[in-house]
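Biologist: I am new to this structure. Please show me how to read its features, one at a time.

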Amino acid sequence: MDERYYNLSEEQAVVKAKYPSVIKNHEYLDHTADVQLHAWGETLEEAFEQCAMAMFGYMTDIETVEPLDTVEVEAEGHDLISLLYNFLDEWLYKFSADLFFVPREVKVLHIDRINCKIRSIGWGEEFNLAKHPQGTEVKAITYSAMQIHEDEKPEVFVIIDI
């Protein structure tokens with residue numbers, strides 16, 4: 001469990017016990033005024049998924065989220081870096097401006113490397129302060145120091161504005 005969430009309500013504890021633990025192939029790295037997300041996976045799709053989950057995990061304890069609704073997100077860019085930026089930005093939009101949707105899991109269905117497009121789906125529910133612990137608000141995704149590495153295992157680094 002993320003140490004930022006200490007006192008879970010009874011309802012939050014019930015949700016956490018009801019569903020299997022969420023796979024967390026990500027970490028938070030210190031950065032001057034923001035936070036850097038570092039995520040990895042067996043494939044680039046998994047690294048992107050984990051980066052999205054790291055972002056949402058910074059905003060709330062995603063283990064308290066129930067997979068009640070489904071939201072699809074598509075994005076495109078002119079290269080992989082802009083694709084990652086737009087992918088995360090579209091998911092952040094679903095949370096902050098559109099549906100207040102927070103996923104328990106995000107799955108990248110397809111990355112089209114030729115046309116720089118991505119299709120993804122998330123299972124979760126509307127954010128509710130009575131049910132989900134409040135973490136730190138993510139204001140924006142940044143291009144600052146954004147990296148994608150595909151040497152051995154794919155990994156991504158993204159700084160988010162908090």
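Modeller: Start with burial. Buried means under 20% relative accessible area, exposed means over 50%, and partly exposed lies in between (1.4 Å probe, protein chains only). Lys-131 is buried by that rule, and Glu-125 is too. Note that this is a predicted model: local features need pLDDT of at least 70, side-chain atom pairs count only at pLDDT 80 or more, and totals for chains, interfaces and linings use all residues. Residues are numbered from 1 along each chain as its sequence is written, and side-chain values use heavy atoms, with hydrogens and water left out.

Biologist: What joins the side chains of Lys-131 and Glu-125?

Modeller: A salt bridge, which is a side-chain nitrogen of Lys or Arg within 4 Å of a carboxyl oxygen of Asp or Glu. Here the N to O distance is 2.9 Å. The pair belongs to a network of salt bridges that links Lys-18, Glu-66, Glu-125 and Lys-131.

Biologist: Where does Glu-66 lie?

Modeller: Helices (H or I, at least four residues) and strands (E, at least two) are DSSP runs, numbered from the N terminus. Glu-66 is in the loop between helix H2 (44-59) and strand E3 (69-76). Its relative accessibility is 12%, so Glu-66 counts as buried.

Biologist: Which residues does Glu-66 touch?

Modeller: Contact means heavy atoms within 4.5 Å. Leaving out residues up to four places away in sequence, Glu-66 touches Val-15, Lys-18, Tyr-19, Gly-124, Glu-125 and Lys-131.

Biologist: How many salt bridges does a search of the whole structure find?

Modeller: The search finds 7. One of the salt bridges joins the side chains of Lys-24 and Glu-63, at 4.0 Å from N to O. Lys-24 sits in the loop between helix H1 (10-18) and strand E1 (26-30), and Glu-63 in the loop between H2 and E3, so the pair ties together parts that are 39 residues apart in sequence. Lys-24 is partly exposed at 36% relative accessible area, whereas Glu-63 is buried at 9%.

Biologist: How do Arg-113 and Glu-150 meet?

Modeller: Their side chains form a salt bridge, 2.5 Å from N to O. Arg-113 is in the loop between strand E4 (101-112) and strand E5 (117-126), and Glu-150 in the loop between strand E7 (147-149) and strand E8 (155-161), so this pair ties together parts 37 residues apart in sequence. Arg-113 is partly exposed, at 43%. Glu-150 is partly exposed as well, at 35%.

Biologist: Now the core, please. How many residues has the largest one?

Modeller: In soluble globular proteins, nonpolar side chains tend to be buried together. A nonpolar core is a set of buried Ala, Val, Leu, Ile, Met, Phe, Trp, Tyr and Cys residues joined through side-chain atoms within 4.5 Å. The largest has 43 residues, and those with the most contacts inside it are Phe-48, Met-55, Leu-84, Phe-87, Trp-91 and Ile-141. H2 gives the most to this core, with 11 residues.

Biologist: How should I read the aromatic pairs?

Modeller: A pair of aromatic rings is described by the distance of the centres and the angle of the planes. Rings of Phe, Tyr and Trp (its six-membered ring) pair if their centres lie within 6.5 Å; planes under 30 degrees apart count as stacked, over 60 as edge-to-face, and the rest as tilted. The count is 6 aromatic pairs. Among them, Phe-56 and Trp-91 are edge-to-face, at 6.3 Å centre to centre and 85 degrees between the planes. Phe-56 lies in helix H2 and Trp-91 in helix H3, so the pair ties together parts 35 residues apart in sequence.
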